[in-house]
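Look over the sequence and the structure first, then read on.

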Amino acid sequence: MIQTAVLGYGTVGSGVVKVIETNHDSIEKKAGVDLVVKYVLDLRDFPGDPVQEKIVHDFDVILSDPQIRIVVETMGGLEPAYTFTKKALEAGKSVCTSNKELVARHGTELLQVAREHNASYMFEASCGGGIPIIRPLRTCLCADVIDEITGIVNGTTNYILTKMIDEGREFSDVLKEAQQKGYAERNPEADVEGHDACRKIAILSSLAYGKRVDFTDVYTEGITKITPADIQYAKAMDRTIKLLAFSKKEGEQVTAMVAPYLLEKEDPLASVNGVFNAIFVHGNMLGDAMFYGQGAGKEATASAVAADVIEEAQVLGRSVMSSWEPEKLVLTDVSGTEKRFFVRAKGEVSGASEAEKVFGAIEVVQAGLEGEYGFVTERMSEGAFFEKAGEFGAMISMLRLRDKTKSE
């Protein structure tokens, strides 16, 4: 019997307890491990819930119990999650987590602490919810040299954009609905401003390229400025809008970015809707591989956490996990990356000649909106675009285009 402790009995934590207890016999039969949740740490009590008999309020109870071999951290945030995780690893207890904020900020250090104490630190659920992506990068794709990762990695923003596009609703209206359904936090900033996706692409890039990618270096935009007018133009172009996170390695240079993009309907990512996520990984031998599944939700995320618990149980006393070098990977400025841009401009279509003077050849887009028009530029660098945009006083907003046949 391998005894575990779960830190935090919120959405994910309660899901992990449910998975381990409901699927106990199946897990033992398939994986050969007898898992039992002995403790659940939470500030609250849960009278009437069977979990109450496992509830403890003091982390030291867990830390000092030699029978606890694996700790599941589902508290979220940096503290006390960081302190508890580090202490558990130093005590030789393996830890798994869904906490992408913690992994993005302190993952390098915690991985090192785990190695020093023959423990494992795993975080499959920190990227992509229930989609297996970290384990494939560590095992199935380890023979490949990975040079690109692109995906929809935030279920909240994908749900909001899907609703806005399908139902023609305002951002603020759909956000409230997402909060009511539990898809968005009370404070949704991390999701809607792109910070969550930024942390995930930093983690995935660190794994793929073997050196630490600092999430604060990743150029990031969210979806708060997307309007029904943008969506109307997207439909006029037979495209859709998705928040993409991507990184690409060319030689020794790596660029990484999070931003909303206009996708062609033929693009496989264009059909990823609702809370679903999809991640493309490109390897030098494999080519493209796509990982698709539910990126948000209690059961999906809990399933990924439980998979880490099982693997840690199978390798107790050894340090087996995803890793990267502590040396920081310096990202190349995105200003040099090339793509086409869509611009909304004030004025009438007859005035498009002014835009052409600034941006060169353009493709005019009409969506039936009074007092404005849209246009698509030729392919150019980010730096060149923003230089030209500074000269064009009629610009309302901009979106980048992802052309399926041209890598961004």
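Buried means under 20% relative accessible area, exposed means over 50%, and partly exposed lies in between, using a 1.4 Å probe and protein chains only. Helices (H or I, at least four residues) and strands (E, at least two) are DSSP runs, numbered from the N terminus. This is a predicted model, in which local features need pLDDT of at least 70, side-chain atom pairs count only at pLDDT 80 or more, and totals for chains, interfaces and linings use all residues. Residues are numbered from 1 along each chain as its sequence is written, and side-chain values use heavy atoms, with hydrogens and water left out.

**The antiparallel strands**

Strand S10 covers residues 239-250. Of its 12 residues, 10 are buried, so S10 is largely enclosed by the rest of the structure. Two strands count as paired if DSSP finds at least two bridges between them. S10 pairs with S7 (residues 146-152) in the antiparallel sense, over four bridges. There, Glu-148 stands opposite Lys-248 in S10. S10 also pairs with S11 (residues 253-264), again antiparallel, over 12 bridges. Lys-242 has Tyr-261 in S11 as its bridge partner. S10 and S11 form a hairpin with two residues between the strands, and Gly-251 in that hairpin takes a positive phi near 65 degrees.

S12 spans residues 276-283 and S13 spans residues 287-294; they pair in the antiparallel sense over eight bridges. Phe-280 stands opposite Met-290 in S13.

**The parallel sheet**

Which order do the strands of the open sheet of six follow? The order is S3-S2-S1-S4-S5-S6, and the pairing is parallel. The edge strands are S3 (55-56) and S6 (121-122), each pairing on one side only. S2 (residues 35-41) runs parallel to S3, joined by two bridges. Leu-41 stands opposite Val-56 in S3.

Helix H4 (residues 81-90) packs on this sheet, touching S1 (2-7), S2, S4 (68-73), S5 (94-97) and S6. Contact means heavy atoms within 4.5 Å. The direction of H4 makes about 150 degrees with that of S5. H12 lies across S1, S2, S4, S5 and S6, running at about 165 degrees to S5.

**Helix pairs**

Axes are lines fitted to C-alpha atoms, for helices over the stretch in contact, and angles run from 0 to 180 degrees between N-to-C directions.

| Helices | Angle between axes | Axis distance |
|---|---|---|
| H1 (residues 11-22) and H12 (residues 298-314) | roughly 60 degrees | within 8 Å |
| H5 (residues 100-116) and H10 (residues 195-209) | about 50 degrees | 9 Å |

Angles under 35 degrees count as roughly parallel, over 145 as roughly antiparallel, 65 to 115 as roughly perpendicular, and the rest as oblique. H5 and H10 are therefore oblique to each other. A crossing is left-handed if the near helix is turned anticlockwise from the far one by less than a right angle, and right-handed if clockwise. H5 passes H10 in a left-handed crossing. Lys-100, Glu-101, Val-103 and Ala-104 of H5 meet Asp-196, Arg-199, Lys-200 and Ile-203 of H10. By class, this contact of H5 with H10 has three nonpolar, no polar and five charged residues. Ala, Val, Leu, Ile, Met, Phe, Trp, Tyr, Cys and Pro count as nonpolar, Asp, Glu, Lys and Arg as charged, and the others, Gly among them, as polar.

H1 passes H12 in a right-handed crossing. Residues in that contact include Val-12, Val-16 and Val-19 of H1, and Ala-302, Val-305 and Val-309 of H12. By class, the contact of H1 with H12 has eight nonpolar, five polar and three charged residues.

**Backbone exceptions**

Most residues other than glycine have a negative phi, and most peptide bonds are trans. The peptide bond from Glu-79 to Pro-80 is cis, with omega near 5 degrees. Pro-80 lies in the loop between S4 and H4.

Asn-118 is not a glycine, yet its phi is positive, about 50 degrees. Asn-118 lies in the loop between H5 and S6. Its relative accessible area is 47%, which makes Asn-118 partly exposed.

Asp-238 has a positive phi near 60 degrees. Asp-238 sits in the loop between H11 and S10, and is partly exposed at a relative accessible area of 44%. In helix H11 (residues 228-236), the buried residues are Ala-229, Asp-230, Ile-231, Tyr-233 and Ala-234.
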